[in-house]
Amino acid sequence: MEWEFILEKLLLITAVVTVSLVVAMYATYVERKFAGFIQDRYGPDRAGPFGLLQPLADGLKLFFKEEVIPSNSNKILFVLGPCLAMLTAMMTSAVIPWSSPIEVNGKTVPLQVADINIGILYVFGVVSVGVYGMMIGGWASNNKFSLMAALRGASQAISYELALGLSLIAVLMISGSLSLRVITEQQVTGMWNIVYQPLGFMIFLVCALAECNRAPFDLPEAESELNFGYHQEYSSMKLGFFLFAEYINMFISCALIATVYLGGYDMPFVDETTLSVSTAAIVGAAALFSKTFLLILLFMWIRWTLPRFRYDQLMNLGWKSLIPLALVNMLVTGAVILWTMKG
Amino acid sequence: MEALTQRTKQVDRRPMTLLERIYLWNIFKGMLITFSHFFKKRATVKYPEQTRPFSPVFRGLHVLNRDEEGRERCTACGLCAVACPAEAITMEAAERLPGEENLYREEKYAARYEINMLRCIFCGLCEEACPKDAIYLSETFAPANYSRRSFIYGKNDMVIPHPVTDKEGFDMAKGLIEKKKKKS
């Protein structure tokens, strides 16, 4: 019994990590293709058919690059930075329910690594630790530009985490649970949360963009204009880890948005209860992944459309617009819930 | 003061309306613009497979010409080297020996003829200076190599194929027939 449980979770973890890695890898490819098409170019098309081997070539290149650790840097922290970034990026995926439970040998197996009742809080905790990857990376480089960029990044992440949390509280008030599985199941039977929370969804989307350090909020890593940000001193695969962690973050946050607001593994216009258990699981996974990919495409689309915010504009938007909006959203949601409960 | 061009545009300095301050609508419009570019013509020329047509006066790498019987036209007069503003051309003359009449057109020929392609500015003055129609600038360009030494092109690199033994190559170098597309 016990080893079965461990084996099941181990398999799940392996699958989730592999999927996140592959998705993140090909997200770089899709991103470059997307950028190419928007800019009237073709994007990478040399490595393999349609350039499909480009991510492999990029990874290989990063591996073969010279590994430089600055002599005045704190070596332990310098290595710890990218590791932490990568680790936290992967850890977030643990609480996302990837599909409805399947049955193996008469036993129900949830397609979720950990169905903990504080799912969303866990996500927030891990995301906050992710800031340390950035901070440690910037600090350990012993380079003033890296440090400034890390400070920029950290303050941005902290500012937008507030609005992110506030917009989520409204959802939590509706669902009455912190567990992502419960939130999803409510959406499978009822309406998607975006119907109740359109404003909350917008705020969450904007904050997620900022949390992922993506344009128009990519100040922490503006390559040429701001000296490449906190990973300036990094080279080889350590740099690769930082960049890769970002794409994993993007994948996970898109999956999170899909789970919280867009019904998770709920396929629209299909009643899952009429399907067999395994079919429902496959349909559910397909639904969640297509939602996630559409969101990733939306992220890319936004990135290649908008110019970067100035830093004061960034802070103004975060503190003076999004947080008050999220608070109002929360208040209105609370009032409506009270009103309907009374009636 | 009169404006220099008619392209001046008055900057709209009115304060932003509420709709503009919300950003979202304008962001949406911008995203539509970027999306429309998905269906536009690509500006890319996929270079090694596709090439852009050159103008007829394009000046690329040099070729040394032969006459119809395959004799080298160059007589090593040195006018090209004198004309060359970049001083990229070096040559050594030699006298044609009896029995070499099928190789060289005149009594004097270039035993060594070198152009440093790193110095060359492809101005075409050598072509204009040549009294014997011996040097031409072709449509080949962008030589790539690993060492500086290999950018010094000798006679082996520049003399065009023999018109009798390699008719096709000769015609191709002369531009009489289309260059065959490289099979990929």
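Helix axes are lines fitted to C-alpha atoms over the stretch in contact, and the angle between them runs from 0 to 180 degrees. All views below show a predicted model.

**View 1. Helices α1 and α9 of chain A cross at roughly 110°.** Helix α1 of chain A spans residues 2–38, and helix α9 of chain A spans residues 236–261. Their axes come within 9 Å. Angles of 65 to 115 degrees count as roughly perpendicular, so α1(A) is roughly perpendicular to α9(A). From α1(A), the contact uses A:Ser20, A:Val23, A:Ala24, A:Ala27 and A:Thr28. From α9(A) come A:Phe244, A:Tyr247, A:Ile248, A:Met250, A:Phe251 and A:Ile252. Nine residues of this contact are nonpolar, two are polar and none is charged.

**View 2. Helices α5 and α8 of chain A pack at about 155°.** Helix α5 covers residues 144–175 of chain A, and helix α8 covers residues 198–211. The two axes lie 9 Å apart. Angles over 145 degrees count as roughly antiparallel, so α5(A) is roughly antiparallel to α8(A). The crossing is left-handed. On the α5(A) side, the residues in contact include A:Tyr160, A:Glu161, A:Leu164 and A:Leu168. On the α8(A) side, they include A:Gly200, A:Ile203, A:Phe204 and A:Glu211. Eleven residues of the contact are nonpolar, three are polar and two are charged.

**View 3. The largest nonpolar core has 84 residues.** Nonpolar side chains tend to be buried together in soluble globular proteins. Among the residues with the most contacts inside this core are A:Ala163, A:Phe204, A:Ile248 and A:Cys254. Helix α9(A) gives the most to the core, with 17 residues. Look around A:Cys254: leaving out residues up to four places away in sequence, A:Cys254 touches A:Thr292, A:Leu295, A:Ile296 and A:Phe299. Another core, of 21 residues, lies apart from the largest one. Its members include B:Leu64, B:Ile89, B:Ile115 and B:Ala134.

**View 4. Chain B meets chain A.** Ten residues of chain B are in contact with ten residues of chain A. On the chain B side, four of these residues are nonpolar, four are polar and two are charged.

**View 5. B:Glu2 lies in the segment before α1 of chain B.** That helix, α1 of chain B, covers residues 18–21. B:Glu2 has 3, so B:Glu2 is exposed. B:Ala173 is 171 residues from B:Glu2 along the chain. The C-alpha atoms of these two residues are separated by 56 Å.

Key: Residues are numbered from 1 along each chain as its sequence is written. Chains are lettered from A and ligands numbered from 1 in the order in which they are written. This is a predicted model: local features need pLDDT of at least 70, side-chain atom pairs count only at pLDDT 80 or more; totals for chains, interfaces and linings use all residues. Helices (H or I, at least four residues) and strands (E, at least two) are DSSP runs, numbered from the N terminus. Angles under 35 degrees count as roughly parallel, over 145 as roughly antiparallel, 65 to 115 as roughly perpendicular and the rest as oblique. Two residues are in contact if their C-beta atoms, placed from the backbone, lie within 7 Å. Ala, Val, Leu, Ile, Met, Phe, Trp, Tyr, Cys and Pro count as nonpolar, Asp, Glu, Lys and Arg as charged, and the others, Gly among them, as polar. A crossing is left-handed if the near helix is turned anticlockwise from the far one by less than a right angle, and right-handed if clockwise. A nonpolar core is a set of buried Ala, Val, Leu, Ile, Met, Phe, Trp, Tyr and Cys residues joined through C-beta atoms within 7 Å. A residue is buried if 20 or more other C-beta atoms lie within 10 Å of its own, exposed if 12 or fewer, and partly exposed in between; C-beta atoms are placed from the backbone.
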